[in-house]
Amino acid sequence: MTGPGALGGLRVLDLSGHRAQFCARLLADMGADVIKVEPPGGDDARRIGPFVNDQPHLDRSLFFWFYNLGKRSLTLDLKHSRGAGILLELARSADVVIESFAPGTLDRLDLGWDTLHRANPALVLCSIAPFGQSGPWRDFIADDTVLTALGGMLYVNGFPNHAPVRPLGLQAYHSSAYYGAIAVMIALLARDRTTEGQWIDLSMQEATAAAVEHVAGGYFERHEAEPRRGTLHWSRFFRVGKCRDGYIMHCTLGDWTSLVEWVKSDGKAADLDAPDYQQVMYRYLMAEHVFDVLDDWVKDYARDELLERAQLLRQPYATVRPPEALFDDEQLAERGYFVEVEHPELGCRFRYPGAPYLFNGTPWRVSRRPPLVGEHTGEILRDELGMTPQTLAALYAEGVI
Amino acid sequence: MPAMPLEGIRILDFTWVVAGPVATRILADHGAEVVKVERKDPPQLGNRKLGLQCDLHRGKLSVAINMQHPRGVELARRLAAKSDIVIDNFSARVMRSWGMDYESLTAVKPDIICISMSGLGHTGPRCNYVSYGPTLQALTGFTMLMAEPDGTPAGYGYSYADTCGGYTGALAALIAIWNRRRTGRGQFVDLSQFEAVASVIGPALLDISVNGRTQPSPGYNSQEGPAAPLGVYKCRALEGDDDRWIAIAVRTGPEWRRFVTAIGTPAWASDPKFRTLYLRMQNSADLDANVSRWSAEHSAKEAMAILQRAGIAAGVVANGIDLCARDPQLQARGFWPEVATAKGATTQVTGIPFKLSGGSGKVRSIAPEVGEDFDYVLGELLGIGRAERDELVAAGAVWR
């Protein structure tokens, strides 16, 4: 099934830097035509590793590849008045512009909301900034680590009396990107009725804070700061345990009777067969003791054997695996999670992580590999703006494209 | 007042725990009518009028339907016929067993959109695995690679897989609606939360597949280009609490020079071993020890102010009190809105991380009690008269 994709016909101009470019990627995956607008020297993300075979190069950054799969690339110097003019022309026929410049930058380039809205009243502008477009910290700067800190995502990971543990991956950015794509879709659906576009002011700090399940709730309920609890989940129903060949995640929310019968049959149940433990609330209160008993039980098991038996009994256990294990995972393989993308200029096909959701009518798909720097500059300016070869050559000579 | 962006969209919501409710609360905050279908006695996960449970279910309606009763199922099917989206986060077999799966529901609503946010997806050898956010984090690599310096796994203290899965579900719903308005067609979305959370470690997965590299635990090594200093540094205690830290990230040469000036140009900073970014990374243990001596003399808040004034990325490692009661930025932007509870009191909830120039989303009300909207849902939505409603209750098909 190839079809146009769920978002076929939607045109997105992606001006965002490395902190926000996952947002437009989410739309490209579903069929939007996303034009990544890069400075003539290439986007900053192209300088971030890892690189193919560890060879740094603008067209070999895996970091760039992941976030820009399916987009087209147009190089354009927005600081040049001619470049800003071209962007404005493109914005007339676009549905969405996504940007993550420091607040106020677009205005200085004469591409601010008022200008864009006048040029195309139906356009949606999504501005993604560390602290949003207002407030006393508006002009403060942050990277993902600082955002996880200020968003409350960092403090609660790790062990008491040790330094907090930072999330794997750039989850402050990813939460912001998801919210950005959600906000864009909400604005587009509103436009169906009003015909007007809107300006979205997204704060990455807020997106990070919203992604932390329990911290705000804990504060507003009990006026306390949630502590770090090691591997004990805040709910007190999960903790990491150690098998003879690696770690597993315990869970005490499955059918308690069958779990205890199993533990008992291994002679390791201690007092867990007491009737009180049938109550979820009692297991909550006694969590440390319950997990200590279960730790002693699992220590002689091989973790895969434990997992298979646990799942047969519908116990929500899991093995603690490295990400490499995903490539050998039968479930992901059967569902075709990893997809091959051809990079003809390298003569290789590479496996990319695939769809986060399977739409049966308008599937997630990879329309094209990540673009080389400026790969589509000529075709976009020619097809969309009717530029002649002479004009293109002049713009190139002036360093605008 | 302008209409909310999603006004007129109705969601029949079978979700529970966290991931599904996160998805539907985003839709509810923007004007969709979300009708929660629940059991009379759902698992007690906490007080719905406060805190997390209020955050999850706010702005929604609730009806308690007995899905074990054929007439309960019939009510649910009639509600589906009047809805745009039916969403669940059960494992694959549950909705099918009730005849509430996509194929069955197209008979009552041909353009229905069904979104199923199961743990591991509807197909494949492990589609019946039972999972929760923390177990999916274990399977995908978060728990192992969010490790202590000695390699002991720590992982998240919470279920990021659930919030992340929730965003994925909300985005799927919005995209499916957008497409339906243009094509007239609904569809089925099979969302595996396992796959959704695997997708947000994308660059690491590409490094494995392209370079064959085993992923190390990142610790405080940069995941977005080289930096040093980078990490969390211990600060002066605050009101007897010594678990106070500041996160600092210094990347470019100009940033390093501003950083050195901001911390008072200490002698150690001119040591040749810190001259370039490469050298600072090579000698990061020494560098971090020196930075920690500076940070220890300041409260986290002071340290952040000093560094941000100099244009350095730095921030308090916020605990719940910092986040909810002491953060001037979040307060200035109204990120913790107040909503009315019963008896004229109010409580604060988590806000919406984006504002819309044409009218932002809004937390409309606190979470409903189970079955609170019985009369509206059965009476107004389904047009069932009082006598029949009483009779359905008496028959055990629905609870009031």
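This is a predicted model: local features need pLDDT of at least 70, side-chain atom pairs count only at pLDDT 80 or more; totals for chains, interfaces and linings use all residues.
Figure 1. Of the contacts in chain A with a separation of 6 or more, 66% are between residues 24 or more positions apart. Chain A contains 16 helices and 12 strands, and its C-alpha trace spans about 85 × 50 × 40 Å along the principal axes. Of its 401 residues, 56% count as buried.

**Figure 2. Strand β6 of chain A, residues 199-203.** This strand is mostly covered, with five of its five residues buried. Which residues point one way from β6(A), and which the other way? A:W199, A:D201 and A:S203 point one way, whereas A:I200 and A:L202 point the other way. The residues on both sides are all buried.

**Figure 3. Pairing of β5(A) with β6(A).** Strand β5 of chain A covers residues 124-129. In which sense do β5(A) and β6(A) pair, parallel or antiparallel? The two strands pair in the parallel sense, over five bridges. A:C126 has A:I200 of β6(A) as its bridge partner.

**Figure 4. Pairing of β6(A) with a strand of chain B.** Strand β12 of chain B, residues 354-356, pairs with β6(A) in the antiparallel sense. Three bridges join β6(A) and β12(B). Within this pairing, A:D201 stands opposite B:K355. A:D201 is also one of the buried residues of β6(A).

**Figure 5. The two domains assigned in chain B.** Domain 1 is made up of residues 10-200 and 335-399, while domain 2 comprises residues 230-326. How far apart do the C-alpha centres of domain 1 and domain 2 of chain B lie? These centres are 42 Å apart.

Definitions and conventions:
Residues are numbered from 1 along each chain as its sequence is written. Chains are lettered from A and ligands numbered from 1 in the order in which they are written. Helices (H or I, at least four residues) and strands (E, at least two) are DSSP runs, numbered from the N terminus. A residue is buried if 20 or more other C-beta atoms lie within 10 Å of its own, exposed if 12 or fewer, and partly exposed in between; C-beta atoms are placed from the backbone. Two residues are in contact if their C-beta atoms, placed from the backbone, lie within 7 Å. Domain bounds come from an automatic or database domain assignment. Two strands pair if DSSP finds at least two bridges between them.
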